[in-house]
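Thank you for making time this morning. I would like to walk through one model with you, going from the chain as a whole down to single residues, so please bring up the sequence and the coordinates.

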Amino acid sequence: SVYRATTTAPVNIAVIKYWGKRDVTLNLPTNSSLSVTLSQRSLRTLTTASCSANYPAEDTLNLNGQPQEIHPSRMAMLPSPKLSTLPLRIVSENNFPTAAGLASSAAGFAALVRAVADLYSLPQSARELSRIARQGSGSACRSLMGGYVAWRTGELADGSDSLAEEVAPAAHWPEMRALILVVSAEKKDVPSTEGMQTTVHTSDLFDHRAKNVVPERMAAIEAAIQARDFHKFAEITMRDSNTFHATCLDSWPPIFYMNDVSRAAVRLVHDINRAVGRTVAAYTFDAGPNAVIYYEEKDEALVAGTVKAILGASASGWEGPFYEKLANVT
Ligand code: DP6
């Protein structure tokens, strides 16, 4: 017989970025981070974990129809080998481009951890699962909850207090929307794990951001979320994206994730906000050129309409946009 568990996990997009590890083995971050969970309707990973005595002896992992190498370090957090001698088969599918800086590893590891926990009927509070998922890929710990999610860096050396917690459910701010501009669906140049290490070892700005900038921004953006203050939320989001990319540029050799289309999107958002006379849109960029633009539903025609009209007409090599709405996922 075959034992099987299927689950899905959402994508999250950080507004305060995780960048840098204080412990590479345990995958502990240098700074806390905060993200917004996107609706699974068009951005999600679907994962099935199964085991059977009839499977070939090797555990296998398949992503979007392609067999993947099982990374022993990244899979070490899975309790599977200890719980069952049956070979494990994991099949995972994204409904969006993988490794394009769209946080696919976050949804992927979150779904993987929950599918395996379900398969072996393990205790599975979101907190517990987030601690496990963090070890596979840091940002994955924020994909086990809905709404606005903080990953607290924690203080303990063993990392047991480095996990995600919900700051507010999606229903707290139901007007929030995210527009994703797929500037490029190509695989990113420098994988985030590697990029982070370069930054940690070579950038002076990195230390300054972690110690002096992020703690205040975390407190300020949590307050902005509680107050549903889009102006404050937007300014902190844009500034933190810019500071993160500045630490990449400050790395040696420098790392570039944004491209000309990304920069055109930045200018356009500032132009729209200035022209309207209030903050209606906020951009953020992960380890890739794709833009995520947050706005409130009442400004959808203005923001999404202008972005599509202007960038769509002028940017070459642009494949987007596609829409994504924020929804509660828990
Ligand atoms: C720029 O979670 O992919 O998206 O822990 O090495 O797997 P690893 O890194 P990963 O890094 C994400 C970096 C980011 C910012 C963020 O999501 O907070």
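Let me begin with burial: a residue is called buried if 20 or more other C-beta atoms lie within 10 Å of its own, exposed if 12 or fewer do, and partly exposed in between, with the C-beta atoms placed from the backbone. N64, with 14 C-beta neighbours inside 10 Å, therefore counts as partly exposed.

Two remarks on what we are looking at. This is a predicted model, in which local features need pLDDT of at least 70 and side-chain atom pairs count only at pLDDT 80 or more, while totals for chains, interfaces and linings use all residues. Residues are numbered from 1 along each chain as its sequence is written.

Now the chain overall. The protein chain has nine helices and 15 strands, where helices (H or I, at least four residues) and strands (E, at least two) are DSSP runs numbered from the N terminus. Of its 330 residues, 46% count as buried. When I speak of a contact, I mean two residues whose C-beta atoms, placed from the backbone, lie within 7 Å; among contacts between residues at least 6 apart in sequence, 74% join residues at least 24 apart.

Let me return to the backbone. N64, in the loop between strand 7 (60-63) and strand 8 (66-68), has a positive phi of about 50 degrees although it is not a glycine. R228, in the loop between helix 6 (204-226) and helix 7, also has a positive phi of about 50 degrees without being a glycine, and with 15 C-beta neighbours inside 10 Å it counts as partly exposed. A cis peptide bond, with omega about 0 degrees, joins W252 and P253, and P253 lies in the loop between helix 7 (230-249) and helix 8 (260-276).

Next, helix 6, which has 23 residues and reaches 33 Å from its first C-alpha to its last, close to the 33 Å expected at 1.5 Å a residue; the expected span is 1.5 Å times one less than the number of residues. A kink of about 45 degrees lies at V213, shortly before the proline P215, the bend being the angle between axes fitted to the seven residues ending there and the seven starting there. The buried residues of helix 6 are F206, R209, A210, V214, R217, M218, I221 and I225. What covers them includes strand 2 (12-16), strand 5 (33-37), strand 10 (148-151), strand 11 (164-168), helix 5 (192-202) and helix 7.

As for length, the 17 residues of helix 8 should span 24 Å, and its end C-alpha atoms are 24 Å apart, which agrees. Helix 8 is followed by G277, whose phi is positive, near 85 degrees.

A106, in helix 3 (residues 104-119), counts as buried, with 30 C-beta neighbours inside 10 Å. Not counting residues up to four places away in sequence, A106 touches V11, N12, S137, S139, A140, R142 and S143.

Which residues are closest to the ligand? It is surrounded by 15 residues, of which A14, Y18, S137, G138 and S139 are the closest, a residue being near if its C-beta atom, placed from the backbone, lies within 6 Å. By class, the shell has five nonpolar, eight polar and two charged residues, where Ala, Val, Leu, Ile, Met, Phe, Trp, Tyr, Cys and Pro count as nonpolar, Asp, Glu, Lys and Arg as charged, and the others, Gly among them, as polar.
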